[in-house]
Amino acid sequence: MGKILKEKDKEVIRHFLSNALIGGLNMEKKNDMRFSQIIEEVSRCLLCYDPPCSKACPGGKNAADIIMSLRFKNYKGACHKFMDDLDKSGECGLACNNKMYCQRNCIRGKIDRPIKIRMIHKFLHEESLKVEEVI
Ligand code: SF4
């Protein structure tokens, strides 16, 4: 988010973003590729007890928590967590200079390939910007 948002605006974004994701669930049924990829990725997450993805973020973002909410289709929860993280440390990639510590430390990478955490955050960020444009 490039500008300082009022608390009311943030609430509006949270509301619309969670609705957009719930809409995404319908997209999933219509074979929307991008949303299907997100669902596929979060379903691969091992829901680690002490998630190294979150611990590795220099900006203090809790990637695992957002993934868990998405995994259980708690889109509203995911949006709240994502917006709170955005408030705390800004756009994903700023704190770590796009070094993707979260994704590089994902345990799933030791089995086959890491969860595409960056893609998930990018998706949420782009969706929130779309909402910001209309408020
Ligand atoms: S480290 Fe990977 S598998 Fe574990 S919680 Fe984070 S994203 Fe999921």
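Mentor: Start at G60, which counts as exposed because it has 11 C-beta neighbours inside 10 Å. The model is predicted, so local features need pLDDT of at least 70 and side-chain atom pairs pLDDT 80 or more, while totals for chains, interfaces and linings use all residues. Numbering starts from 1 along each chain as its sequence is written.

G60 lies in the loop between α3 and α4. (Helices are DSSP runs of H or I with at least four residues, strands are E runs of at least two, and both are numbered from the N terminus.) Setting aside neighbours within four places in sequence, G60 is in contact with K88 and S89. Contact here means C-beta atoms, placed from the backbone, within 7 Å.

Now step into helix α4, residues 63-71. A63 belongs to α4. A63 is buried because 29 other C-beta atoms lie within 10 Å. Leaving out residues up to four places away in sequence, A63 touches C53, S54, C57, C102 and I117. From A63 to P52 is 11 residues along the chain, and their C-alpha atoms are separated by 9.5 Å.

Next, the ligand. The shell around the ligand has 15 residues, the closest being C45, C48, P51, C53 and C106. The largest share, three residues, comes from α4. By class, the shell has 14 nonpolar residues, no polar ones and one charged. Nonpolar covers Ala, Val, Leu, Ile, Met, Phe, Trp, Tyr, Cys and Pro; charged covers Asp, Glu, Lys and Arg; the others, Gly among them, are polar.

Then look at the helix partners of α4. The axes of α4 and α5 (residues 75-89) lie 8 Å apart, at an angle of about 160°. Axes are lines fitted to C-alpha atoms, for helices over the stretch in contact, with angles of 0 to 180 degrees between N-to-C directions. α4 and α5 are therefore roughly antiparallel. That term applies over 145 degrees; under 35 is roughly parallel, 65 to 115 roughly perpendicular, and the rest oblique. The crossing of α4 past α5 is left-handed, meaning that the near helix is turned anticlockwise from the far one by less than a right angle (clockwise is right-handed). On the α4 side, D65, I66, S69 and L70 take part, and they meet G77, A78, K81 and F82 in α5. This contact counts four nonpolar, two polar and two charged residues.

The other partner is α2, residues 33-44. Its axis comes within 9 Å of the α4 axis, and the two cross at roughly 110°. α2 is therefore roughly perpendicular to α4. The crossing of α2 and α4 is left-handed. Here I38, V42 and S43 of α2 meet I67, L70 and R71 of α4. The residues of this contact are four nonpolar, one polar and one charged.

Last, the whole protein. It has seven helices and zero strands. Buried residues make up 31% of its 135 residues. Of the contacts with a separation of 6 or more, 68% join residues 24 or more positions apart.

Conventions. Two residues are in contact if their C-beta atoms, placed from the backbone, lie within 7 Å. A residue is near a molecule or strand if its C-beta atom, placed from the backbone, lies within 6 Å of it. A residue is buried if 20 or more other C-beta atoms lie within 10 Å of its own, exposed if 12 or fewer, and partly exposed in between; C-beta atoms are placed from the backbone.
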